[in-house]
Amino acid sequence: MEGCAQEGQVKLLGVDYSPFVVRVRIALSLKGIHYEFIEEDIQNKSELLLQSNPVHKKIPVLIHNGKPVCESMIIVQYIEEAWDNKAPNLMPKDPYDRAIARFWAAFIDDKLLPSTLRTFKGQGEEQQKAVEESVANLLLLEEVLQSTGKAYFGGDEIGLVDIALGGLLVTIQTVEKVTNIVLTDTQKMPLLCAWADKFCKAHKVKEALPDRAKFFELMSARRAKLTSPPAGNLKGGG
């Protein structure tokens, strides 16, 4: 999409299936911000990406009027601050509530995401431990959602924590499908499961999510490589 004059020039560097890119696309979609999406080749990174994020050389990168902003949740907060006149408000107005939202967004990245990835990559006892950690992390988020008494972590509207977790939803659900392991149990986490369903069906969120079938194929292929024995073990004895 081309940037509107009043919004300036907005570009997003990324790949469709990245949960971090999905977060940014959700925030842009919710705010109704038009932007140009530039698909990156992670194996052959563009000069624009390397120049825009010289420290980490990673996606996503939001470029607003020629100025790059890096790291998904920093970008989401930038979007809220740069376009604070556009509804909805992605962050609470109260400083304390804003700090709490940032805390749980960080928790998702520091705790839930690593345990989910270990569930995907691991086998045997290592994987089982990762599953237990992931479930424990999700149960904590169930408690947080219960404490709000609302449909979303952000209250009546989608907010920072919803975007932080919501950007990972397709990844978490695909990991469950690929590994045949249940992380989000409807019996143990009824509110979180209901939230996930509502979030994914939200009009402006739905259009920002990656193609589930293609992502499943990609993750299945990765899992097969991770779990296949080394080539040397396939050779017959001499």
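Colleague: Is E71 buried, partly exposed or exposed?

Modeller: This is a predicted model, where local features need pLDDT of at least 70, side-chain atom pairs count only at pLDDT 80 or more, and totals for chains, interfaces and linings use all residues. Residues are numbered from 1 along each chain as its sequence is written, and side-chain values use heavy atoms, with hydrogens and water left out. Buried means under 20% relative accessible area, exposed over 50%, and partly exposed in between (1.4 Å probe, protein chains only). E71 has 38% relative accessibility, so E71 counts as partly exposed.

Colleague: Where does E71 lie?

Modeller: Phi of E71 is near 75°, a positive value in a residue other than glycine. Helices (H or I, at least four residues) and strands (E, at least two) are DSSP runs, numbered from the N terminus. On that basis, E71 lies in the loop between β4 (67–70) and α3.

Colleague: What is the phi of K57?

Modeller: K57 sits in the loop between α2 and β3. K57 counts as partly exposed because its relative accessibility is 36%. K57 is a residue other than glycine, yet its phi is positive, near 60°.

Colleague: Which residue does a cis peptide bond join to I59?

Modeller: The residue is in the loop between α2 (47–52) and β3 (61–64). Omega of the bond is about 0°. The partner of I59 is P60.

Colleague: What is omega for the peptide bond from A87 to P88?

Modeller: P88 is found in the loop between α3 (72–82) and α4 (95–121). The bond from A87 to P88 is cis, with omega near 0°.

Colleague: Are α1 and α3 roughly parallel or roughly antiparallel?

Modeller: Axes are lines fitted to C-alpha atoms, for helices over the stretch in contact, and angles run from 0 to 180 degrees between N-to-C directions. Helix α1 (residues 19–31) packs with α3 at about 10°, their axes 9 Å apart. Angles under 35 degrees count as roughly parallel, over 145 as roughly antiparallel, 65 to 115 as roughly perpendicular and the rest as oblique. Therefore α1 and α3 are roughly parallel.

Colleague: Which residues of α3 make the contact with α1?

Modeller: Contact means heavy atoms within 4.5 Å. From α1 come F20, R23, V24, A27, L28 and K31. From α3 come S72, M73, I75, V76, I79 and E80.

Colleague: Which residues does S134 touch?

Modeller: S134 is in helix α5 (residues 124–148). S134 is buried, with a relative accessible area of 0%. Not counting residues up to four places away in sequence, S134 touches L112, S115, T116, T119 and L183.
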